[in-house]
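Okay, everyone, thanks for coming. Let me put the structure up and we'll go through it together.

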Amino acid sequence: MKEFLNILLLLILGIVYIVSFTKVISSFLNKIVQQRNNAIIALYLAAIGSAGVILIDISKIITDAFIFFYEAGNIGKSIGFTAFFFIGAWVYSLAQFHLSFFLVSLLSKENEKIQLNNNNIEIALVHGIVLIILSFLVGPALSTFASSFIPYPELPF
Amino acid sequence: MHLLIIIATLIITLVFMFLTYLLFRNYFYSIIFPLNTATRIFFISALFGSGMSLYLFSESGISLLNHYYETNHLGLGIGVFLVGVFICFCFNIVIFRTTILINKISIFENEHAELAKGNLLIAGIQSITFLIFIFLLSGPLIQLILNLIQ
């Protein structure tokens, strides 16, 4: 039962996570470019992919927290912690996306927004790869940080 | 006898991938024939994602087969493994349909028409969403399968 509930909760929150993230990124990119070109599409897909990597990493801790609190009979906390970790991962993914603009402008020394408008695929691919690598590197550390919030019982040895 | 386990898993994997291929092929051929780049990307991602869910299950599934083999119940082990693979197959279909539903909600465009036109953005979003859900839910699903088997 708890595994089924966990899958259901992950599915619902995953849908909310992806739909809301896609919408926010889409509206941001619409503001900085006049029309969608291949560079913007590449960056957009990389942003969704990087958010997905963070979500997949954090989902292991979410599952642990859900099962831990569910077995302790605290369903409210199990749902609360799941939602809390999802929101944390969502906020981090968005912050990382915005931070990566700063990083890429440092790397390339060019105005990225103008380059994206000019359909500069190279800069979009570099930005996308930076985003995805950041997610792969930071994801496990973020999961470890998130797990520190779960009040596991201390072992006597 | 370990050779028997290898042959059994090989046959099950081949049948699984062939059935998955047929299922998704029918869906994509109903959109456009011959396939364009956008539908090909989504088709390949769907096959890859399905294969990954089977791979993630088979890590535990092969341990189960070994356990049943050591207790002289290999036939039962293969039966249990097949049930797990069948659940994975159904899971892939559910996730595929959910992905299409999510994009219908979030994009507000006719995804069949967009894929037929060769819209790479729609194909990319669908592919990434499908893969995210496969990796997100495979772990909990395998826990569920193992608990059902126990």
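Predicted model: local features only at pLDDT ≥ 70, side-chain atom pairs only at ≥ 80, totals over all residues.

Residues are numbered from 1 along each chain as its sequence is written, while chains are lettered from A and ligands numbered from 1 in the order in which they are written.

Chain A, then. Its secondary structure is five helices and zero strands, where helices (H or I, at least four residues) and strands (E, at least two) are DSSP runs numbered from the N terminus. The C-alpha atoms fill a box of roughly 60 × 35 × 15 Å along the principal axes. Of the 157 residues in chain A, 37% are buried; buried is 20 or more other C-beta atoms within 10 Å of a residue's own, exposed is 12 or fewer, partly exposed is in between, and the C-beta atoms are placed from the backbone.

Now the core. A nonpolar core here is a set of buried Ala, Val, Leu, Ile, Met, Phe, Trp, Tyr and Cys residues joined through C-beta atoms within 7 Å. The largest one has 70 residues, and A:Leu43, A:Leu55, A:Ile58 and A:Phe85 have the most contacts inside it. Who supplies the largest share of this core? That's α2(A), with 19 residues.

Take A:Leu55. Skipping neighbours within four places in sequence, A:Leu55 is in contact with A:Gly14, A:Tyr17, A:Ala89, B:Ile132 and B:Leu136. Contact means that the C-beta atoms, placed from the backbone, lie within 7 Å.

And A:Phe84? This one sits in helix α3 (residues 75-108) of chain A. A:Phe84 is partly exposed, because 15 other C-beta atoms lie within 10 Å.

On to the chain-chain side. Here 22 residues of chain A are in contact with 20 residues of chain B. On the chain A side, α1(A) gives the most, with 12 residues.

Let's zoom in on one helix pair. The axes of α1(A) and α3(B) come within 10 Å and cross at roughly 35°; axes are lines fitted to C-alpha atoms, for helices over the stretch in contact, with angles from 0 to 180 degrees between N-to-C directions. In that pair, A:Ile15, A:Ile18, A:Val19, A:Thr22 and A:Lys23 meet B:Ile102, B:Ile105 and B:Ser106.

Note on methods:
Contact = placed C-beta atoms within 7 Å.
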